[in-house]
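Student: I would like to learn how to read a folded chain from its sequence and its coordinates. Could we look at one together, feature by feature?

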Amino acid sequence: MKKTLMGNDAIAWGLVHANVDMVSGYPGTPSSEILGMVQKIKHQLDLPIYAEWATNEKVGFEVAYAGAIAGKRTAATMKQVGLNVASDPLMSASYIGNLGGMLLIAADDPGFHSSQTEQDSRVFAKFARIPVLDPATPQDAYDMTKYGVELSERFQVPVMLRPVMRVDHAREIIEMDPETHFTPNEGKFQRDVARWAGVPRAGRLRQGHEVLDRIETIKAYNWEHHLEPKFAPLKGGKLLILAGGTGYAFTQETLSDLGVEADVVKIEMPYPLPREEIVPYFEKYEKVLVVEEPYPLIEEDLAHPKVYGKKTGTMHQIDEMKKEHILTALQKLGLYDGPNIYEAPKIDLGFDVPDRPPALCPGCPHRDIYYAIMKVFKPKKSIYPSDIGCYTLALSQGAIDSILCMGASVAMASGFSIADPSKTVVATIGDGTFFHSGIPPLLNAIYQDHRFILIILDNSTIAMTGRQTTPERFHQSIDIARIVEGMGIKCHEHTYSHEMQENIDFMKQIKAEFEKPDHRGPLVVRVRQFCILDNERKDDWIPNLFAEVDPEKCVACDACTTVYKCPPMAYNAEGKIEIDPFLCAGCGGCLDVVCPTDAFQLDKLKSTGGLFEE
């Protein structure tokens, strides 16, 4: 059957068609749609699949791994930085192994489109000594998902599928199974303490030797089933290209565009590679180019005087794959001397188009809370550590000083409070991130009496990655305030108000509480909010108070555009602020306090739906 699918949707169908009946993980671009699509398929076809979001990637991996130990076919989904969080159980799982097939899906993000780092999960697979599959297209993603589950079950070890953003979010006509005959495996745990609970040293040493033996077996399997059929027909020539993942698709297109001839071998399983079998083929060629992203994994494993790539400076060393990078490599190798056909033409518009940095959505309550924080806790006297989530976009307001990784705002608040006690540390974290990894550092801060303010922005959804449900929203008995109070301190509560002065007054109360001589340790605040994109809740929060600007009062002071920074606000040809009526969400946040000359006023006609009369 043919179906047009996005790469992540193809992976989801691949899981279903591989009879995977347990999927767990944590959302993160570019991986989020995978588990979400499995959930949709589950409900559409009424399939007995466990497909739920975990509180973090480590938990998601462990849930799926336990299922695989018990004989189920399972998968864990996450993005590349989420793999950092799941790396602890992964390293042990590679030693212990599994009975049912387990696919670890780690979606990489070359080019930093939605991530703090451009790391290569293939290297993590090598670190853990597990096989990794590198899809080049959505079709590959579907096929390799099914194959990876089978491979895992064959060798009783987790297998990594490493799609990148250009595979996850690309669309292609997929050849897939014509029907869904879902036959889940029966979970039946078999007690084997020596294997499942192996302890140092004897148990782990034995398993360590088994890991080494297994990698050699998989290496031979990789050669026999994947690589030998591709290398055997090679006749030799000037250039051999070894391409992995998206590098293969870009290579084929570039060679066709430029009219350059070369033999190309697609590396589907970049680890483990049978070096002893591959390298002798290099003698048939003058040069060998490795095209991969983002790290030189294949290049390092096949190191040879004829091999060129990132380590030789022939290929780009950072950022995502482009055909232009391959063209440049061919020029450096002396195999192409034509023009750069991919260079975009320079067009002089006669004016500069200003950059438009990412911003919080119109009507987002994060904007008002950050505005209130900065009004009360002045930037020169404060430090603002924050975290990973859509509230990160408050960077444009100047309301964030540091971002490291999930949950780090709390631990970094501890560090800043120790290092610079002259400043008030005001940390912010979302509810999803707090559940993910904010609880342990808060427990540490309470234990150590670290003195800072933590503001938990609770909008009851994981908003940035697609509004997945949080534990608190899914299960009403889970409550952030009770968790905080269970650690032995009070959780101060505030409900977001569209009247800015109420938010500012609350922050003043928090400041007064924090500055009391007898106050010790962290002061925690939970602000109850909503997401402007959350259709289930937004109508209960948005007051439909639309703003307009009195041009006579606007003095172009920039207070609204530099600190409040709501996207509908911009200068017009007369040098006055205007509000774009198509972008204004009607939150009413700017009607109070924001403008020092009170230029913002209620648009009575729009706020009443055109029914206002004098």
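Student: How many bridges join β2 to strand β4 (residues 74-79), and do the two run parallel or antiparallel?

Tutor: As a general idea, the strands of a sheet pair through backbone hydrogen bonds, either parallel or antiparallel. In this case β2 and strand β4 (residues 74-79) run parallel and are joined by four bridges, where two strands pair if DSSP finds at least two bridges between them. Helices (H or I, at least four residues) and strands (E, at least two) are DSSP runs, numbered from the N terminus. One example to look for is Met22, which stands opposite Thr74 in β4.

Student: What should I know about the source of the model and its numbering?

Tutor: This is a predicted model, in which local features need pLDDT of at least 70 and side-chain atom pairs count only at pLDDT 80 or more, while totals for chains, interfaces and linings use all residues. Residues are numbered from 1 along each chain as its sequence is written, and side-chain values use heavy atoms, with hydrogens and water left out.

Student: In what order do the strands of the open sheet of six strands lie?

Tutor: The order is β3-β2-β4-β5-β7-β6, and the pairing is parallel. At the edges stand β3 and β6, each with a single partner strand, so one side of each is left without a neighbour in the sheet. Strand β2 (residues 22-25) is joined to β3 by four bridges, and these two strands run parallel; Gly25 has Trp53 in β3 as its bridge partner. Six bridges join β4 to β5, again running parallel, and Lys79 stands opposite Ala107 in β5.

Student: Which residues of strand β3 (residues 50-53) are on the covered face, and which are on the uncovered one?

Tutor: The general idea is that in a regular strand the side chains alternate between the two faces of the sheet. In β3, Ala51 and Trp53 make up the covered face, whereas Tyr50 and Glu52 make up the uncovered one. Strand β4 gives another case, with Thr74, Ala76 and Met78 pointing one way and Ala75, Thr77 and Lys79 the other way, and all of these are buried. Buried means under 20% relative accessible area, exposed over 50%, and partly exposed in between (1.4 Å probe, protein chains only). Six of the six residues of β4 are buried, so this strand is largely enclosed by the rest of the structure.

Student: Which residues are buried in helix α5 (residues 121-128)?

Tutor: The buried residues of α5 are Ser121, Arg122, Phe124, Ala125 and Ala128. Seen down the axis of α5, they fall within an arc of 155° (taken from the directions from the helix axis to the C-beta atoms), so they line one face of the helix. They pack against α4 (80-96), β5 (102-107), β6 (132-133), β7 (159-161) and α12 (297-301), where contact means heavy atoms within 4.5 Å. Just after α5, Arg129 takes a positive phi of about 60°.

Student: At roughly what angle do the axes of helix α15 (residues 408-419) and helix α16 (residues 431-448) cross?

Tutor: Axes are lines fitted to C-alpha atoms, for helices over the stretch in contact, and angles run from 0 to 180 degrees between N-to-C directions. Here the axes come within 7 Å and cross at roughly 25°. Angles under 35 degrees count as roughly parallel, over 145 as roughly antiparallel, 65 to 115 as roughly perpendicular and the rest as oblique, and α15 and α16 are therefore roughly parallel to each other. Where they meet, Val410, Ala411 and Ser414 in α15 face Gly438, Pro441, Leu442 and Ala445 in α16.

Student: Where is the place of Met374, and is this residue buried or exposed?

Tutor: Met374 has its place in helix α14, and it is buried, with a relative accessible area of 11%. Not counting residues up to four places away in sequence, Met374 touches Pro379, Tyr384, Gln397, Gly398 and Ala399. As for its helix, α14 (residues 365-376) lies across β14, β15 (453-458), β16 and β17 (523-528), running at about 165° to β15.
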